[in-house]
Amino acid sequence: VGVVAVGLQEAQVSLTPPEISTYRSFEHRSQERSALGHIIHRAVQVLHPFRHHRIDGVYDSHAAEGLSAVIEEFCPEVVVFEEVWLYPYFLGVESKRPTTVLDAHNVESQLRSTIEEAREDKGIIHAIERAALERIERAFYKRADQVWVCSEEDRRQAQALYGQGTPTQIIPNGVSTAYYEDVREQREHKGQKSEEPVITFIGGYGYPPNRHAAHFLIDRVWPK
């Protein structure tokens with residue numbers, strides 16, 4: 001297994017599981033632009049049918065060249081892309097003919113649509129970018145050799161949107177509770193065991209679905 005990471009900072013590219021070493025990492029290099037240059041760049045993002053600001057935000061030509069060299073050197077049989085935002089990197093790898101997998105953490109176009117519905121500043125730019133994201137996601141689903149989704153609901157959504165041409169496998173999100181057994185034993189040893197269950201909900205709360213999940217946990221699940 002070779003993990004290739006692209007991050008905005010060196011600290012980010014090193015965030016791989018401790019039991020897996022990073023085969024190669026690339027630091028994303030942000031481009032400095034003038035105010036006018038930023039306006040032009042943003043206009044191109046919005047108007048281009050296969051551009052999206054989040055995809056542009058993780059793409060770096062230096063990293064793409066490095067990934068191409070890694071593919072030549074490592075000769076992988078399978079390449080797994082984490083999330084739709086890596087589509088431009090996929091295009092550079094596709095021609096080298098390894099088996100490609102899209103690990104789709106969400107059906108992003110539908111998730112973004114749900115998030116946008118809750119926003120107060122809905123506008124034409126958001127609608128255009130959502131349409132571009134759907135085009136990119138559809139292309140990724142059709143061109144990858146396999147797609148991994150997190151649930152049966154995601155598979156149904158994806159197949160309703162993009163058809164059933166690409167084999168889709170359900171790979172559920174999961175947590176190994178055994179990994180935390182030492183923590184539980186330490187709490188009991190120190191006499192910290194609580195009569196009621198203790199729940200820690202970890203997530204980025206700038207992300208609306210995580211906020212919704214936290215409220216659901218507190219208001220609906222915990223009282224039961």
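Modeller: The count comes to four salt bridges, taking one as a side-chain nitrogen of Lys or Arg within 4 Å of a carboxyl oxygen of Asp or Glu. Bear in mind that this is a predicted model, where local features need pLDDT of at least 70 and side-chain atom pairs pLDDT 80 or more, while totals for chains, interfaces and linings use all residues. Residues are numbered from 1 along each chain as its sequence is written, and side-chain values use heavy atoms, without hydrogens or water.

Let's start with Glu 94 and Arg 143, whose closest N and O atoms are 2.6 Å apart. Glu 94 belongs to helix α5 and Arg 143 to helix α7, so this pair ties together parts 49 residues apart in sequence (helices are DSSP runs of H or I, at least four residues, numbered from the N terminus). Glu 94 is buried at 17% relative accessibility, whereas Arg 143 is partly exposed at 40% (buried is under 20% relative accessible area, exposed over 50%, partly exposed in between, with a 1.4 Å probe and protein chains only).

Those two helices, α5 (residues 87-94) and α7 (residues 124-143), have axes that come within 11 Å and cross at roughly 30° (axes are lines fitted to C-alpha atoms over the stretch in contact, with angles from 0 to 180 degrees between N-to-C directions). Glu 94 and Arg 143 take part in that contact (heavy atoms within 4.5 Å), and so do Tyr 87, Phe 90 and Leu 91 of α5 and Ile 136, Ala 139 and Phe 140 of α7.

Helix α7 also holds Arg 138 and Glu 134, four residues apart, about one turn. Their salt bridge has its closest N and O atoms 3.3 Å apart. Arg 138 is partly exposed at 27%, and Glu 134 is too, at 24%.
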